[in-house]
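Q: Could you walk me through how to read a few features of a protein model?

A: Gladly; let's look at it together.

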Amino acid sequence: MNSRTGTISSLLAMREQGNDTFTPFSGEPEVHIWTQTLPIREDQLQTAAAMDFDAMTLEEHERMARISITSRLQAHCWMISRVFLRRVLAHYMQLQARDIRFEYGTSGKPYLVGGPQFSLSHTNGLCVLAIASSNNELGVDVEWVRPLLREQAIIQRFLTEEERDHVLEAICSGGGSSSLLWKVLTSKEAWIKASGQSLCGQWRNLNTIQAIRNHEQLLEWAGQKYVLQSLKMGKSYSASLCVTGREIPLIRWMNVDNHIQSYEGIGN
């Protein structure tokens with residue numbers, strides 16, 4: 001099985017075999033993390049193109065066609081991410097993937113009527129899906145860690161004073177400033193997503209430094225509590241998860257072979 005399409009293919013096989021043994025949640029507050037690898041070069045698109053297109057709607061096919069005008073690679077990555085999202089959500093809701101119907105909030109954030117809260121993020125080579133056991137809003141963000149051409153400008157424009165001092169201190173000491181900066185940026189983006197995008201534009205006001213430096217996961221904005229934590233995706237990626245509320249959820253890493261790969265607590 002090709003590792004870049006394995007998650008979707010295995011989910012499809014489970015559906016065809018009538019595998020109904022999957023128990024989504026244990027009853028405790030938890031977040032499931034699913035991952036799907038994506039093609040990173042155009043010579044990998046032949047396998048990606050063989051994916052099942054039936055799960056997508058006409059509008060999704062049209063969107064993929066529009067994206068492909070400028071980049072076939074981006075179009076196929078979007079398609080794989082979308083099919084992956086539909087397949088996993090269908091597994092929770094005991095529906096066919098093509099029967100999943102997304103609604104959209106005022107900020108454009110998708111949600112399911114009667115379904116679980118979820119958040120999707122993708123970057124170079126990887127897609128991450130977070131699904132909550134509660135009705136609490138959540139946000140996940142993953143980024144491919146790489147040097148930034150305008151690193152200083154980004155630090156000045158998007159970071160709070162405390163965050164800037166922390167990152168600049170790492171730069172001066174030569175201690176992995178790029179990975180630390182990406183950790184700050186993914187934390188902010190996950191926080192914005194969990195807020196339903198209401199915090200969009202508040203980059204310089206959202207201070208993640210307590211969660212990053214002091215391992216205090218509980219944050220607050222305008223009377224709303226948030227739990228912010230890092231996700232371990234390997235040295236090539238930085239990922240963060242944010243959930244509304246004050247209770248720290250258990251993280252369950254999911255795979256399609258045995259449903260649960262591992263448990264973990266906070267990954268700061």
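A: Let's begin with a term: a pocket here is an open set of grid points with protein on both sides within 12 Å along at least five of seven lines. Keep in mind that this is a predicted model.

Q: How much space lies in the largest pocket?

A: In general, rolling a probe the size of a water molecule over the atoms shows where empty space is left. Here, the largest pocket holds about 410 Å³. Its lining counts 17 residues, and R82, G108, P110, L120 and K193 are the closest to its centre.

Q: Which element gives the largest share of that lining?

A: Strand β4 does, with five residues; β4 (118-123) and α4 are the elements that contribute two or more. Sorted by class, the lining has six nonpolar, seven polar and four charged residues.

Q: How do I read the packing of helices α3 and α4?

A: Two packed helices are described by the angle between their axes and the distance between the axes. For α3 (residues 58-70) and α4 (residues 72-93), the angle is about 155° and the axes lie 6 Å apart. Angles over 145 degrees count as roughly antiparallel, so α3 is roughly antiparallel to α4. Among the contact residues are M64 and I67 of α3 and W78 and M79 of α4.

Q: And what is the order of the strands in the four-stranded open sheet?

A: Strands of a sheet pair through backbone hydrogen bonds, either parallel or antiparallel. This sheet runs β6-β9-β8-β7 with antiparallel pairing, and its edge strands are β6 (138-144) and β7 (218-221). Four bridges link β7 to β8 (residues 224-231), and L219 stands opposite Y226 in β8.

Notes: Residues are numbered from 1 along each chain as its sequence is written. This is a predicted model: local features need pLDDT of at least 70, side-chain atom pairs count only at pLDDT 80 or more; totals for chains, interfaces and linings use all residues. Side-chain values use heavy atoms; hydrogens and water are left out. Axes are lines fitted to C-alpha atoms, for helices over the stretch in contact, and angles run from 0 to 180 degrees between N-to-C directions. Angles under 35 degrees count as roughly parallel, over 145 as roughly antiparallel, 65 to 115 as roughly perpendicular and the rest as oblique. Contact means heavy atoms within 4.5 Å. Two strands pair if DSSP finds at least two bridges between them. On a 1 Å grid over the protein atoms alone, a cavity is a set of points where a 1.4 Å probe fits but cannot get out, and a pocket is an open set with protein on both sides within 12 Å along at least five of seven lines; lining residues have an atom within 4 Å of a point. Grid points are joined across faces, edges and corners, and a volume is the space filled by probe spheres set on the points. Ala, Val, Leu, Ile, Met, Phe, Trp, Tyr, Cys and Pro count as nonpolar, Asp, Glu, Lys and Arg as charged, and the others, Gly among them, as polar.
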